[in-house]
Amino acid sequence: MRILGIETSCDETGIAIYDDGQGDRPEGILAHQLYSQIAVHADYGGVVPELASRDHVRKTIPLIKAVLKEANLTPQDLDGVAYTAGPGLVGALLVGCSIGRSLAYGWDLPAVPVHHMEGHLLAPMLEDDVPEFPFVALLVSGGHTMLVRVDGIGQYKLLGESVDDAAGEAFDKTAKLLGLDYPGGPALSKMAESGVAGRFKLPRPMTDRPGLDFSFSGLKTAAGTLVRKECFSSDGKSLADDILKQTHAEIANAFQQAVVDTLAIKCKRALQQEDLNRLVIAGGVSANTALREKLAITTKKLGGSVFYPRPEFCTDNGAMIAYAGLQRLKAGTHADLTFKASPRWSLDSLPAV
């Protein structure tokens, strides 16, 4: 089977074609294209839903044509069309849903609605070294932070999730406090590299109590308090540029270390609770180098290992939707002529494959 994947849940338009490698064909991604809307939203300091939807309308069809050309295929060579049906921004989702369902109808192909977070969860399966079931997955992005026990595709048990800000959201908001442009998370991580570790100490929220839920709102507030305290002189004036730059870097370092430590503590706790030693991390924040290094140490101490997708497949992309859609299509999942976008959609409500 070959399947087209369409991802339009937020501010990136991702299109890809995945081949399951039956017969003499190799399995893998035949082509993928990604368009980021960073420039569209940068002036606003965050995603503007209406602008995101309009940009998906402009970019989705041209990217589908580009992917088909790159793979040297025609619609007649496809066996299905997968699209992100949720969760996400409802207007952005509707663009992908309507285009995906319409193309499937016009091409006489089955249409497969895909859960965005299942796409992220299965993204490590796009690599050569894939995890065996069961494992614990940490899904960490701008909109979600959750720990899930995974016994198979569709066999998900939610272990814990954020009760307020997701980790990626806290990264972006703290970056804004430090004067960094949108998207702030990667910029904050870069800034943290030049900061001296240990000068500042920020809390590791909800690690002093049992359970696997997360909370990053208070950590963001603590970072803001630290910025106001350390980045201005007693008369309210900003510090000299060189001192301010170093202070910002050390606050960024402290913030990043607090997030990384918190995630690692909860991952270790989840692995021990479920008596497992395989950990998958996925989502935009999973590209963070400090987090990868910390979780590699954590899992090694437990006699296990950590798995993650390459950086280009950590953020939203069409390849993960194509792969997840292919697994669902093989199991007989497809949509009728009606379709809907689900801005809120529980991962553990999905049927098992």
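Biologist: On what conventions do the values rest?

Modeller: The model is predicted, so local features need pLDDT of at least 70 and side-chain atom pairs count only at pLDDT 80 or more, while totals for chains, interfaces and linings use all residues. Residues are numbered from 1 along each chain as its sequence is written, and side-chain values use heavy atoms, with hydrogens and water left out.

Biologist: In what order do the five strands of the open sheet stand?

Modeller: Helices (H or I, at least four residues) and strands (E, at least two) are DSSP runs numbered from the N terminus, and two strands pair if DSSP finds at least two bridges between them. Here the order is S8-S7-S6-S9-S10, with mixed pairing. S8 (155-161) and S10 stand at the edges with a single partner strand each, so one side of each lacks a neighbour in the sheet. From one strand to the next, the twist averages 25°; axes are lines fitted to C-alpha atoms, for helices over the stretch in contact, and angles run from 0 to 180 degrees between N-to-C directions.

Biologist: Is strand S9 largely enclosed or open?

Modeller: Buried means under 20% relative accessible area, exposed over 50%, and partly exposed in between (1.4 Å probe, protein chains only). In S9 (residues 278-282), four of the five residues are buried, so the strand is largely enclosed by the rest of the structure.

Biologist: How many bridges join S9 to S6, and how many to S10?

Modeller: S6 (residues 135-140) pairs with S9 in the parallel sense over four bridges. Ala137 stands opposite Val280, and Leu139 faces Ala282. S9 and S10 (residues 305-307) also run parallel, joined by three bridges, and Arg278 stands opposite Ser305. Between S9 and S10 the chain passes through helix H9 (residues 289-301) in a right-handed β-α-β crossover; right-handed means that, with the strands pointing away from the viewer, the path from the first strand over the helix to the second runs clockwise.

Biologist: Which residues line the second largest pocket?

Modeller: On a 1 Å grid over the protein atoms alone, a pocket is an open set of points with protein on both sides within 12 Å along at least five of seven lines, and lining residues have an atom within 4 Å of a point. The lining includes Tyr83, Pro113, His334, Lys340 and Trp345. It divides into six nonpolar, four polar and one charged residue, where Ala, Val, Leu, Ile, Met, Phe, Trp, Tyr, Cys and Pro count as nonpolar, Asp, Glu, Lys and Arg as charged, and the others, Gly among them, as polar. The volume is about 160 Å³, taken as the space filled by probe spheres set on the points, which are joined across faces, edges and corners.

Biologist: Which backbone values deserve attention?

Modeller: Most residues other than glycine have a negative phi, and most peptide bonds are trans. A cis bond joins Gly86 and Pro87, with omega about -15°, and Pro87 lies in the loop between S4 (80-86) and H3 (90-107). The bond from Phe133 to Pro134 is also cis, with omega near -5°.

Biologist: Where does Asn72 lie?

Modeller: Asn72 is in the loop between H2 (49-71) and S4; its phi is near 60°, and it is exposed at 68% relative accessible area.

Note on methods:
On a 1 Å grid over the protein atoms alone, a cavity is a set of points where a 1.4 Å probe fits but cannot get out, and a pocket is an open set with protein on both sides within 12 Å along at least five of seven lines; lining residues have an atom within 4 Å of a point.
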